[in-house]
Amino acid sequence: MTDVITRADPKPEAPVVSPKGGAKDRWVRRAPLLPALIFAIVVTQVPFLVTIYLSTLDWNALRPGDRPFVFLDNYVTVLTDTRLQSALLNTVLLTAGAVIFSMILGLALAILLDRKFFGRGVVRTMLITPFLVMPIAAALLWKHALYNPAYGLINGIFGGSTDWVSSYPKAAVIATLVWQWTPFMMLILLAGLQSQSEDILEAARVDGAGAWKIFTHMTLPHMRQYLELGALLGSIYLVNTFDAVFTITQGGPGTATTNLPYEIYLTTFRKFEYGEASAAGVIVVILTIIVATFALRVISSLFRMEESR
Amino acid sequence: MTTLATPAVKSSTALKPAARRRMGSAIWGVVAWVAGIIFVFPVIWMVLTSFKQEQDAASNPPTWVFTPTFDQYAQVFDRNIMPFLLNSLMASVFSTLLVVILATPAAYALSLRPVAKWTDVLFFFISTKMMPAVAALLPVYLLVKNLGMLDNVWTMVLLYTSMNLPLAVWMMRSFLLEVPREVLEAGEVDGAGLLTSIRKIILPIVSPGLAATALICFIFAWNEFFLAVNLTATNAGTAPIFLVGFISSEGLFLARLCAAATLVSLPVLIAGWVAQNKLVRGLSMGAVK
């Protein structure tokens, strides 16, 4: 990865295809790749290296003077801080809750949409719509138009005067996320269902297999990869949930819905503890790498499937 | 929640298997319609509320019949939404252009004429997408601040480009792989230069994919909130920032909020509906067709 620093000028003319060409040919092949690669390294990797550096400083922006090097002190502070532990737990609960419920609903909806019926295209359009609403608009809509105890639609239809956000803060955030992310799961799972071979299913039917048996013995195993892909991509997006927490609960009541992104945001821009915020950031990246390793494995298995086709 | 009633199900004992199956699929169709309406209902409610007067919007029980009014939209424009929409438009359009310009050649070098170790490069790109923005926020903030680029649309253009680049590289790669190699090689044998083969062979096949990639990058840039709220204010504030500022300065004006939310969501709703066949491919980074 480091041998791309020196940069060749893009050549307009490529020589005849020869996978084992000389040095010149290798650079001609690399040339179209380099601008994007260098851009990605500069904009994403360099800041992260700086984050690692900042995480070793005792730096509060409100306090003038030195920023002494404290090595791992910030990590000790952050890892022993109960706020961060509760933020970690909340992140896991919010992410897992949103992913699991949106997967279940998404699978049910995908199975419904996998059949032919009148107006299927319209129904699909309706079902993907929540995903397209701007997340911050969706969060505001749920908070004020649906959850509001006095005039929200939920109490308006079902009666009662429950203050949904303060009584069930986690569920309120999760429900909003599930509403937005179910379409995403549905689309991926629907693609999986539709990639099943119709001939094999027909053959099973002819052999007298019932619908339930076909579903558990053929469809689910076939869907495994797609379920994994949906769960992992969903987790990667949802672990960064910020909009919904910021808008619906501001992390509260207390710290009931403060997840890691929101906690780091507070540490950075409300408490100005730059060193601690950076240490927490590094910890989040390490956690993400663990999840991402699984994600990459799933994606690369799909990828091999595609190559062998 | 809805007025849709399930049709009366007649006793099916007298029906033949084929008719029964048709009946069954009709019932599942109705279930699907009900599910679709439930899912889209909050959005419909948002749009309905945006055409109400405030007292109808904040009523309990909910107001279903009312005289539609454009007052709330007029109010939203009075509160100067235009600069925010323009900022969003600039950040989204320019970052999308930059993404396409960077990602398309890169995808070419990872598919049709692959470099050595192209899989490593591909996975490097996707791994940058997996890095949470919070982890890079502080150094980006400090750098941007020192350069005097806080609250600047071009900063957002660059950041959104890096946010969408991996997605676009993966997506474009999956579209470029659909170009039949034989046709490309035949063209080369006939003496077609690179530019000719791009124009005559690759572009016609790839352009729907290019459009879909651009649309999805546009959607993500338009909806982005986290970076915008931390790096922009009054000059470069994007549409999501307008919505949030709206709520804190206005208190609760539900109908007006719904009008603003409808306005800012509209471009992406339209883009998404148009591109819905390609949506899944983009969201799964080209892994699922």
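A residue is counted as buried here if 20 or more other C-beta atoms lie within 10 Å of its own, and the views below are taken from a predicted model.

**View 1. Helix α12 of chain B and its surroundings.** By this criterion, 15 of the 21 residues of α12(B) are buried, so the helix is largely enclosed by the rest of the structure. Helix α12 comprises residues 254–274 of chain B and reaches 29 Å from its first C-alpha to its last, close to the 30 Å expected at 1.5 Å a residue. At B:Ser265 the axis of α12(B) bends by about 40°, and a proline, B:Pro267, follows within four residues.

**View 2. B:Ala260 within the largest nonpolar core.** This core holds 169 residues, of which B:Val169 and B:Ala260 touch the most other members; its largest share, 16 residues, is supplied by helix α7 (residues 153–176) of chain B. Leaving aside residues up to four places away in sequence, B:Ala260 touches B:Val76, B:Ile81, B:Phe242, B:Leu243 and B:Phe246.

**View 3. The contact between chains A and B.** Chain B brings 83 residues to the contact and chain A brings 86. On the side of chain B that touches chain A, helix α1 (residues 17–50) gives the most, with 16 residues, and that side divides by class into 64 nonpolar, 16 polar and 3 charged residues.

View 4. An unreviewed UniProt entry places the feature "transmembrane region" at several stretches of chain B, including residues 201–222 and 254–275. Residues 201–222 are 100% helix, with end C-alpha atoms 32 Å apart, whereas residues 254–275 are 95% helix, with end C-alpha atoms 31 Å apart.

Conventions: Residues numbered from 1 in each chain as written. Chains lettered and ligands numbered in written order. Predicted model: local features only at pLDDT ≥ 70, side-chain atom pairs only at ≥ 80, totals over all residues. UniProt positions renumbered as here; feature names shortened; annotations may be inferred. Helix = DSSP H or I, 4+ residues; strand = E, 2+ residues; numbered from the N terminus. Contact = placed C-beta atoms within 7 Å. Nonpolar A, V, L, I, M, F, W, Y, C, P; charged D, E, K, R; others polar. Core = buried A, V, L, I, M, F, W, Y, C linked by C-beta atoms within 7 Å. Buried ≥ 20, exposed ≤ 12 C-beta atoms within 10 Å, placed from the backbone. Expected span 1.5 Å × (residues − 1). Bend = angle between axes of the 7 residues up to and from the residue.
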